[in-house]
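Visitor: Could you walk me through this model? I'd like to know what to look at and where to be careful.

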Amino acid sequence: PVALVNPAPETLSEWTSLAPGNAVGESSGLGNWGLAWGPDGLYRSLNESSNVNLAGTDINGNDHIDFSAPTIVAGDENWTDYLYTARIIPSDNDGHGVVFRFKDPDNFYRIALASQGDGGGRPWQGVSAQKKVNGVWSEIYHQDLADPGAFIPPDDVPYDILVTISGNRLEFVITGDPEGAAETHFYGPFNLTGDTVDRGKI
């Protein structure tokens, strides 16, 4: 797989590129989104190639929650309960993942994965989940790397993620190397407490 970038900008007309801010309103910048190309033409897959990000701030002693990164969303802002899947091929160890119930840059949920160590405000190494509601960030979950089943995504190896959100109940499944050694990891269910987001895009 391959290089890219916006062969025809209108092909991303259904998507909105943004960069939600951290707890003090600073953001990473929009990034560089395009459609990936392969030997036979368009892969019809999204690609982000900028390598921009902004470290998280200290939230009650945890600086791995509100990191800012390029984000792209689509769909219907009135979607409520749903299941969706994505295949991600991480070419950078900084971080990657998905958002869901994305109402606006101040209200959404996020699942993040990273292989890089988690120092200096970066995402937790492995798997984590955050929420931002009414502009306030908090953590839903982060993986204990001492767990023998912990998943750290290898660079340039695909993984599939399946997210199920129903009411305030969240579950997700990650399958690493789905067309090779295929190893599946289950997360949740998590009961989302406190302020929540009841609908939004992906």
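**A walk through the model**

Guide: I161 is buried, with a relative accessible area of 2%, where buried means under 20% relative accessible area, exposed over 50%, and partly exposed in between, with a 1.4 Å probe and protein chains only. This is a predicted model, in which local features need pLDDT of at least 70 and side-chain atom pairs count only at pLDDT 80 or more, while totals for chains, interfaces and linings use all residues. Residues are numbered from 1 along each chain as its sequence is written, and side-chain values use heavy atoms, with hydrogens and water left out.

Visitor: What is the mean pLDDT of the chain?

Guide: The mean is 90, and 92% of the residues reach 70 or more; pLDDT is the predictor's confidence in each residue, from 0 to 100.

Visitor: And where does pLDDT stay under 50?

Guide: That is the case over residues 1-9, for which the model has 23 contacts beyond four places in sequence, a contact being heavy atoms within 4.5 Å.

Visitor: Back to I161, then: which strand does I161 lie in, and what is I161 in contact with?

Guide: I161 lies in strand β10, and, leaving aside neighbours within four places in sequence, I161 is in contact with Y84, T85, A86, V98, I111, F172, V173 and I174. Strands here are DSSP runs (E, at least two residues), as helices are (H or I, at least four), and they are numbered from the N terminus.

Visitor: How far apart are I161 and L54?

Guide: They are 107 residues apart in sequence and 24 Å apart in space, C-alpha to C-alpha.

Visitor: What is the order of the sheet that has β10 in it?

Guide: The order is β5-β10-β11-β12, an open sheet of four strands with antiparallel pairing, where two strands pair if DSSP finds at least two bridges between them. Its edge strands are β5 (82-88) and β12 (183-191), each of which pairs on one side only. From one strand to the next the twist averages 10 degrees, with axes taken as lines fitted to C-alpha atoms (for helices over the stretch in contact) and angles running from 0 to 180 degrees between N-to-C directions.

Visitor: How many bridges between β11 and β12?

Guide: Seven bridges join β11 (residues 169-176) to β12 in the antiparallel sense, and R169 has N191 in β12 as its bridge partner.

Visitor: Now the sheet with β6 in it: which are the edge strands there?

Guide: They are β6 (96-104) and β9 (136-142), each pairing on one side only, in an open sheet of four strands whose order is β6-β7-β8-β9, again with antiparallel pairing. The twist of this sheet averages 15 degrees from one strand to the next.

Visitor: What goes on between β7 and β8, and then between β8 and β9?

Guide: β7 (residues 107-114) and β8 (residues 126-133) pair in the antiparallel sense over seven bridges, with V127 in β8 as the bridge partner of L113. Six bridges join β8 to β9, which also run antiparallel, and K132 stands opposite W137 in β9. β8 and β9 form a hairpin with two residues between them, and N134 in the turn has a positive phi of about 55 degrees.

Visitor: How many residues are in the largest nonpolar core?

Guide: There are 23, and those with the most contacts inside it are F100, I111, I161, V163, L170, F172 and I174; a nonpolar core is a set of buried Ala, Val, Leu, Ile, Met, Phe, Trp, Tyr and Cys residues joined through side-chain atoms within 4.5 Å. The elements giving two or more residues to this core are β5, β6, β7, β8, β10 (159-166), β11 and β12, and β10 gives the most, with four. A second, separate core of eight residues includes I59, V73, V99 and F102.

Visitor: And L192, buried or exposed?

Guide: L192, in the segment after β12, is buried, with a relative accessible area of 8%. L192 touches Y109, I140, I165, N168 and L170, not counting residues up to four places away in sequence. The C-alpha atoms of L192 and L170 are separated by 7.2 Å, with the two residues 22 apart along the chain.

Visitor: Last one: what does the side chain of T71 reach?

Guide: The side chain of T71 reaches the backbone oxygen of A69 at 3.0 Å. T71 lies in strand β4 (residues 71-73) and is buried, with a relative accessible area of 11%.

Note on methods:
A polar contact is a pair of N or O atoms within 3.5 Å; within protein, one must be able to donate a hydrogen and the other to accept it, and residues adjacent in sequence count only if both atoms are side-chain atoms.
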